[in-house]
Amino acid sequence: MLENRKRKAVAIWLLVGVGMIIIQTLLGGVTRLTGSGLSITKWNPIFGILPPLNMQQWNEAFDGYKQIGQFKYLNSDFTLSDFQFIFFWEWLHRFWARMLGVVFAVGFVYFLVRQYFDKKMIKPFVVLFLLGGLQGLIGWIMVASGLNDSHLYVDHIKLALHFVSAMVLSCYTLWFALQLLIPEQKRAANTGFRNYTLAIALVLFVQLTFGAFMAGLKAAMAAPTWPSINGMALPGNLTTGSWISDKMNVHFFHRAIAYLLLFLLVFWYAKAKKISKSFKESVLIQTARWPVIFVLVQVGLGIATVLCAQKAVPGKFGIFEILAELHQLTAMFLLMALMVNLYVVKNKVRA
């Protein structure tokens with residue numbers, strides 16, 4: 001009984017970390033939507049936890065921002081007050097990342113001293129901390145891609161890498177927690193269905209990557225129509241333009257993969273219901289409904305976000321930005337729900 005209580009406590013701590021990663025990712029979305037990501041031009045992991053505390057420090061920070069292309073060619077009319085607004089969001093994004101590190105570090109030391117860990121947990125924790133450190137490094141590399149005289153925003157491919165690595169970190173942390181929470185008898189065993197679930201998860205990761213491309217390229221504004229793409233079924237330069245850098249092509253693939261995921265998950269749910277009848281003790285019947293619910297909501301939010309793209313106003317947070325954040329949040333919920341089901345369905349052990 002004591003051992004189970006220890007495992008549950010560690011799992012809850014890990015799930016808190018997953019929640020904090022989701023919030024961190026949403027804050028990243030706010031910094032992108034408000035154009036705040038390049039407002040802090042220095043990477044100071046330790047002392048950067050404090051924002052400017054007096055007018056001299058604020059002017060120094062503002063002077064640093066004035067040296068990059070985003071200010072020179074896009075925000076040259078910014079006052080100090082305007083700068084403080086975008087600075088706040090980027091500072092909050094970095095502050096939350098630091099708090100996430102503190103929660104993991106303090107929790108790790110606490111549970112280690114209290115001897116809540118067993119030997120099987122050592123390797124996953126090493127991987128977990130490496131992924132966390134890598135995520136911070138990728139974040140700075142992404143920001144640095146826009147801190148020059150020629151770019152107005154960060155590189156969209158590095159933005160996608162930053163987002164996807166955050167999702168990998170959250171999935172790994174969630175999987176670790178599920179291993180501690182869900183006993184073996186609560187899992188279903190079906191190799192074919194598990195492989196199908198894994199395939200859908202891989203398709204979803206491709207979709208998330210294109211979603212990040214959409215965000216980095218601001219591709220929603222390029223085709224604020226539905227169901228057509230500016231009156232076309234296919235982009236005119238689909239065969240000649242880049243599939244990862246051309247706004248219209250990225251927009252098309254993001255929509256196409258969304259429809260594919262919807263079809264795959266509806267079929268997946270029908271199979272999950274049949275399989276769950278063979279495993280009465282499994283939690284599959286409870287967990288299987290959530291990916292379908294989230295993908296339906298996600299498609300609806302995606303359509304609404306695209307149709308409201310024309311209402312986006314630089315420097316303002318209106319209906320388009322709210323829908324974009326909800327769209328991102330639901331995408332993360334969909335991914336987490338799919339990961340839960342991927343764990344719940346294990347490979348069938350051969351006799």
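E184 has a relative accessible area of 42%, so this residue is partly exposed; the term covers values between the buried class, under 20% relative accessible area, and the exposed class, over 50%, with a 1.4 Å probe and protein chains only. Please bear in mind that this is a predicted model, in which local features need pLDDT of at least 70 and side-chain atom pairs count only at pLDDT 80 or more, while totals for chains, interfaces and linings use all residues. Residues are numbered from 1 along each chain as its sequence is written, and side-chain values use heavy atoms, with hydrogens and water left out.

What does E184 form a salt bridge with? The partner is R187, and the closest N and O atoms are 2.8 Å apart. By salt bridge I mean a side-chain nitrogen of Lys or Arg within 4 Å of a carboxyl oxygen of Asp or Glu. R187 counts as buried because its relative accessibility is 13%. K346 also belongs here: E184, R187 and K346 are linked in a network of salt bridges.

How many salt bridges does a search of the whole structure find? The search finds 5.

I turn to another pair, K72 and D149, whose closest N and O atoms are 2.8 Å apart in a salt bridge. This pair links distant parts of the chain, 77 residues apart: K72 lies in helix α3 (residues 69-73), and D149 in the loop between α5 (122-144) and α6 (156-181). Helices here are DSSP runs of H or I with at least four residues, numbered from the N terminus. K72 is partly exposed at 38%, and D149 is partly exposed at 37%.

A further salt bridge joins K66 and D63, with 3.9 Å between the closest N and O atoms. Relative accessibility is 31% for K66, which is therefore partly exposed, and 38% for D63, also partly exposed.

Finally, consider P45, in the loop between α1 (2-33) and α2 (55-65). Is P45 exposed or only partly exposed? Its relative accessibility is 42%, so P45 counts as partly exposed. The C-alpha atoms of P45 and R98 are separated by 8.1 Å, although the two residues are 53 residues apart along the chain.

Definitions and conventions:
Helix = DSSP H or I, 4+ residues; strand = E, 2+ residues; numbered from the N terminus.
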